[in-house]
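Subject: A structure for you to explore

Hi there,

Here is the structure I promised to pass on to you. Have a look around it first, and then read my notes below.

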Amino acid sequence: MTKYKAGIIGSGNIGTDLMYKLERSDQLEMNVMVGIDPSSEGLKRAKERGYHVITDGIEGLMKQPELVDIVFDATTAGAHKYHHDQLTAIGKKVIDLTPAAIGPFVVPPVNLDQHLSEPNVNMVTCGGQATIPIVHAIHRAAPVKYAEIVATVSSKSAGPGTRANIDEFTRTTARAIEEVGGAEKGKAIIILNPADPPIIMRDTVHVLVAEEGKEAEILASIEDMVKEVQNYVPGYRLRSAPQFDGTKVSVFIEVEGAGDFFPPYSGNLDIMTAAAAKVGNEMTRQLTAIASR
Amino acid sequence: MGKRSFNILDVTLRDGSHAVKHSFTEEQVRQVARGLDQAGVRYFEVSHGDGLGGSSLQYGLSAVDEMKLIEAAVDECEQAEVSVLLLPGIGVKEDLEDAVKAGAKMVRVATHVTEADVARQQIELGRNLGLKTIGFLMMAHMAPVDKLIEQAKLFESYGAEVVYVTDSAGALMPHEVKERVSALKDHLSCKVGFHGHNNLSLAMANTIAAVEAGAAYVDGSLRCLGAGSGNTQTEVMAAVFERLGYQTGIDLYKVMDVANDVVAKIMPRPQEITGSSLIMGYSGVYSSFLLHTHDAAKKFGVDERSILIELGKMQAVGGQEDLIYEVAADISKRNKALV
């Protein structure tokens, strides 16, 4: 069986880390890295590992469209709109890791199966990938009136894109807490911590549920969800037992990365690339199933 | 003729929000605002303690929508202008736009002392909205002076008109305040401010050091109603600076009256230096952790001081209130294991 071919646009931190994740995929074949800076570490590494390397961005890729079936975009929201138009016009599937959010938000263990046929899906934010599964897990056990997440990441793992667009991070995450997590109202907070050695990404989810008395169901649902996320992010875990206080539930999570291109403390970056790889895998599985019919 | 004048900015209605667990009512805000305005205080701040959008399960929900409070404060002012605080990552653009609609004229954009580059969007927005725009470098004790200069320069480059040395933990000594304010005076062309906390009983001394080193803006709160043991006491500051020969533009009796007749009645407890706030200053912990630590210590049956010392060791930064409960739970578990 020929595997479907994957391309990555954006040879920065996210794109480079994603390359290592895709190497381990049983569905996708990492094939091409597209960048605009020939001297970038990501393009260098892609070349060393024997992949096609394109140094003149989307224009270069459009000249060799046969190199890819699925394209992961790890550039910027502004650039993504253009990439999306070009790629979907020639029938390529697009997985968007920028905040552009042209396609629907996808958080794999919550709603991936609903969006496998979409031409473009969006990966929300790192804070969203880490916390929305928990919001949803609580919501399916006891309807969530309000959910608030606090993502604390090490300063070293917050790149210039996140720093320049912190408002987009909080707003996009809050919107996805509602649209994907199921909360009636969502709020997101991000904290950067410069401690040295860097801290592992930690996330706190506070929710208000509609009614008290569903502790056992909520705990069981959270436990199942943590296992599901661990399938693609092994370092995803609860830091302590969830706390209940009336209708308020607080859940404390830690995300340790796989240490591919980023050090393990950067769980925030790892969960983005791992979730995107997971989406790519499942989309490919579906394409294969359709093709073999 | 008096010495060079500077601005005293009162933060009772923002920093004090922590001390009353974000329960300010519209009537309380009106009375304090009226008093400050009539006493000649030029600027004062109104927001949730953690800035616009701070109302949350993490920091405490506001009893009254802060936009209503800002509007009420503005409504009471004849000469004073209302400032708001904004922490990127907590409050968003729309919050600031709403605050401007409510009548705010100044924004202070606050980041941890090493993270100024998350504030470009908000500083630019403040300038575009026509606000007096200020950069606020929190937990200034956690970075060496050269780092502080580098970060202050970023704020200035984005368009900040004043950059503050913010001693959020009340951990700085007077000579360290002098060193920091002087360094910013030497390296920036914009103005410099200082915001202190009284956890080590040094807020007034630190504020004098700041003014003598050239600070053009200094913060205070009436009756020290602020996070931790509160800030430099505004009415005391008015008296002290007058004695030192500065012109503050503040009427001493009037500012004392609003402190003692209005604010004192709002205070849930005296703002004295307790064991916990002392330890905050001593170990460099963010002052607004105080009441959260108190609650967590009670819930888990552990000593508040051991929680605070641990948070200091972990280099916790402002906003990490969720860490307090975890630390308290951990200590409680460890204590039980020892028995």
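Leaving aside its neighbours within four places in sequence, which residues is Asn268(A) in contact with? They are Cys126(A), Val153(A), Ser157(A) and Met201(A). Before going further, please keep in mind that this is a predicted model.

Let's stay with Asn268(A) for a moment. You will find Asn268(A) in helix 10 of chain A, which covers residues 267-291. Asn268(A) counts as buried because its relative accessibility is 2%, and buried means under 20%.

Chain A is divided into two domains: domain 1 takes in 4-123 + 272-291, while domain 2 is 126-264. Between the C-alpha centres of domain 1 and domain 2 of chain A there are 25 Å. How many residues of each domain are in contact with the other? On the domain 1 side of chain A there are 22, and they touch 19 residues of domain 2 of chain A.

Together, these two domains of chain A bury about 1,900 Å², and carbon and sulfur atoms account for 71% of that area. Three residues stand out here: Phe105(A), Pro109(A) and Val110(A) supply 34% of the area that domain 1 of chain A buries against domain 2 of chain A, more than any other three residues.

There are charged and polar links too. Two salt bridges are counted between domain 1 and domain 2 of chain A. Six residue pairs are in polar contact across the interface of domain 1 and domain 2 of chain A, counting pairs with both residues at pLDDT 80 or more.

Which elements give two or more residues to the side of domain 1 of chain A that touches domain 2 of chain A? They are helix 1 (13-23), helix 2 (41-48), helix 5 (108-111) and helix 10 of chain A. Helix 1 of chain A gives the most to that side, with six residues. By class, the side of domain 1 of chain A that touches domain 2 of chain A has 13 nonpolar, three polar and six charged residues.

Helix 2 of chain A is also where Leu43(A) lies. Is Leu43(A) buried or exposed? Leu43(A) is buried, because its relative accessible area is 2%. Leaving aside neighbours within four places in sequence, Leu43(A) is in contact with several residues, including Ser11(A), Met33(A), Val53(A) and Ile54(A).

**Where chain A meets chain B**

Now turn to the two chains. Here 33 residues of chain A are in contact with 33 residues of chain B. The area buried between chain A and chain B is about 2,600 Å², with 48% of it from carbon and sulfur atoms.

Five salt bridges are found across the interface of chain A and chain B. In a salt bridge between Arg163(A) and Asp117(B), the closest N and O atoms are 2.6 Å apart. Between chain A and chain B, 19 residue pairs are in polar contact, again with both residues at pLDDT 80 or more.

Which element of chain A gives the most to the side that touches chain B? That is strand 8 of chain A, with seven residues. In all, the residues of the side of chain A that touches chain B divide into 14 nonpolar, nine polar and ten charged.

**Some backbone details**

Most residues other than glycine have a negative phi, and most peptide bonds are trans.

- The peptide bond from Asp196(A) to Pro197(A) is cis, with omega near 0°. Pro197(A) has its place in the loop between strand 8 and strand 9 of chain A.
- Lys21(B) has a positive phi, near 50°. Lys21(B) sits in the loop between helix 1 (12-19) and helix 2 (26-39) of chain B, and it counts as partly exposed at 45% relative accessibility.
- Met139(B) also has a positive phi, near 55°. Met139(B) is in the loop between strand 5 (132-138) and helix 6 (145-158) of chain B, and it is buried, with a relative accessible area of 0%.

Enjoy exploring!

Best wishes

How values were computed
Residues are numbered from 1 along each chain as its sequence is written. Chains are lettered from A and ligands numbered from 1 in the order in which they are written. This is a predicted model: local features need pLDDT of at least 70, side-chain atom pairs count only at pLDDT 80 or more; totals for chains, interfaces and linings use all residues. Side-chain values use heavy atoms; hydrogens and water are left out. Helices (H or I, at least four residues) and strands (E, at least two) are DSSP runs, numbered from the N terminus. Buried means under 20% relative accessible area, exposed over 50%, partly exposed in between (1.4 Å probe, protein chains only). Contact means heavy atoms within 4.5 Å. Buried area is the accessible area (1.4 Å probe) that two parts lose on being put together, summed over both. A salt bridge is a side-chain nitrogen of Lys or Arg within 4 Å of a carboxyl oxygen of Asp or Glu. A polar contact is a pair of N or O atoms within 3.5 Å; within protein, one must be able to donate a hydrogen and the other to accept it, and residues adjacent in sequence count only if both atoms are side-chain atoms. Ala, Val, Leu, Ile, Met, Phe, Trp, Tyr, Cys and Pro count as nonpolar, Asp, Glu, Lys and Arg as charged, and the others, Gly among them, as polar. Domain bounds come from an automatic or database domain assignment.
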